[in-house]
Amino acid sequence: MAHKLMVVIPCYNEEEVLPETSRRLVDKMASLVKKGLITEDSRVLLVNDGSRDRTWEMICDLHKQNPLFEGVKLSRNRGHQNALLAGLMTARNRCDISISMDADLQDDMDAMDRFIEKYNEGCEIVYGVRNKRETDTFFKRETALMFYRLMKALGVDITFNHADYRLMSNRALNALAQFDEVNLFLRGLAPLAGFQSDVVYYDRAERFAGESKYPFKKMLAFAIDGITSFSVKPLRLITTVGMVIFVLSLFMLLYALISWVSGHTVSGWTSTLASIWMIGGIQLLSLGVIGEYVGKIYNEAKRRPRFIIDRYLSESGDDPVVDHQK
């Protein structure tokens with residue numbers, strides 16, 4: 001049975017890679033239609049996340065040349081996760097299934113066939129998982145694996161080596177729409193829907209053109225968002241460390257009293273100095289962790305929209321959207 005598919009692709013400064021991405025998507029979508037996996041009215045939704053180059057102009061040209069391509073323009077740059085969510089929420093009432101992927105051609109488009117086959121077998125969510133990370137540098141590969149292990153240790157349900165290449169059914173998208181948090185980490189939210197899921201393994205290629213939109217600074221911020229959005233264990237860890245330090249301080253007090261009684265008070269200078277630096281560092285680290293959670297509470301309390309859609313290029317034309325916000 002053929003299903004209406006919407007492929008959702010966030011785009012930020014992708015003018016170098018977009019021509020090749022669109023060409024391959026035309027071929028891929030035609031192949032899926034020919035195999036009877038998707039309907040002819042399936043579409044590709046390109047989400048412009050406040051790009052500063054010609055990305056939006058290119059999306060407009062693609063829409064004019066081929067009805068396969070639709071476009072969403074956010075009012076300003078909101079980040080990859082918000083741009084992806086904007087596309088998914090735009091697509092959810094217009095498709096049976098959606099597949100999200102990046103524009104850089106690192107995700108293997110041929111895996112879409114297996115995604116849809118898994119959906120036909122009853123899966124509501126299908127995760128694209130990398131076979132290996134040979135295209136990454138040693139530092140990026142090891143830090144990524146460390147992140148996944150840490151998330152698992154903190155009790156977060158997350159799939160190893162899965163980014164945002166996934167299939168979600170209309171039912172799963174409607175479930176995702178019920179999560180209202182401003183601090184987005186879609187890799188962690190998707191499993192919370194709780195529907196039947198499976199994985200499809202694929203080989204990830206090197207970026208076709210342009211530069212990575214996730215330098216170390218952004219990756220670190222993304223990791224912190226993921227950890228603090230889904231686990232309170234760091235706060236509990238602070239409590240545990242505090243208890244350990246309190247017990248150690250009792251021993252230090254006993255040591256100080258013995259030194260005073262024996263007349264060797266000067267001998268504790270090194271241990272005292274080390275203790276001050278250690279306790280001071282732990283206090284600052286603890287305040288930082290608590291600050292991360294307080295900051296998230298602050299953002300959630302304001303309830304500002306996660307994105308605002310400026311324009312939507314659909315089959316009906318170029319329509320300004322002033323009230324489509326989430």
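Student: Before anything else, what are patches made of here?
Tutor: Patches are made of residues with over 30% relative accessible area and no salt bridge, and nonpolar side chains are joined within 5 Å. The model here is a predicted one.

Student: OK, which residues make the nonpolar surface patch?
Tutor: Val 244, Leu 248 and Phe 251 make it, and the patch covers about 290 Å².

Student: Where is Val 244?
Tutor: Val 244 sits in helix α9, which runs over residues 233-262.

Student: And is Val 244 buried, exposed or partly exposed?
Tutor: Val 244 is partly exposed, because its relative accessible area is 44%.

Student: Now the inside. Which residues touch the most other members in the largest nonpolar core?
Tutor: Ile 9, Val 44 and Met 112 do, in a core of 38 residues. Among the elements that each supply at least two residues of this core are β1 (5-11), β2 (43-48) and α4 (111-120).

Student: What does Ile 9 touch?
Tutor: Leaving out residues up to four places away in sequence, Ile 9 touches Leu 25, Val 44, Leu 45, Leu 46, Val 47, Met 101, Asp 102 and Ala 103.
Tutor: Another core, of 31 residues, lies apart from the largest one; its members include Val 72, Ala 83, Ala 86 and Leu 176.

Student: Switching to α3. How many of its residues are buried?
Tutor: In α3, 12 of its 12 residues are buried. Ala 83 and Ala 86 are among them, as are His 80 and Gln 81.

Student: What span does helix α3 reach?
Tutor: Helix α3 (residues 80-91) reaches 17 Å from its first C-alpha to its last, close to the 16 Å expected at 1.5 Å a residue.

Terms used:
Residues numbered from 1 in each chain as written. Predicted model: local features only at pLDDT ≥ 70, side-chain atom pairs only at ≥ 80, totals over all residues. Heavy atoms only, no water. Patch = residues over 30% accessible without salt bridge, like charges linked within 9 Å, V, L, I, M, F, W, Y side chains within 5 Å. Areas by Shrake-Rupley, 256 points an atom, 1.4 Å probe, with all protein chains shown as cover. Salt bridge = Lys/Arg side-chain N within 4 Å of Asp/Glu carboxyl O. Helix = DSSP H or I, 4+ residues; strand = E, 2+ residues; numbered from the N terminus. Buried < 20%, exposed > 50% of the residue type's maximum accessible area, 1.4 Å probe, protein only. Core = buried A, V, L, I, M, F, W, Y, C linked by side-chain atoms within 4.5 Å. Contact = heavy atoms within 4.5 Å. Expected span 1.5 Å × (residues − 1).
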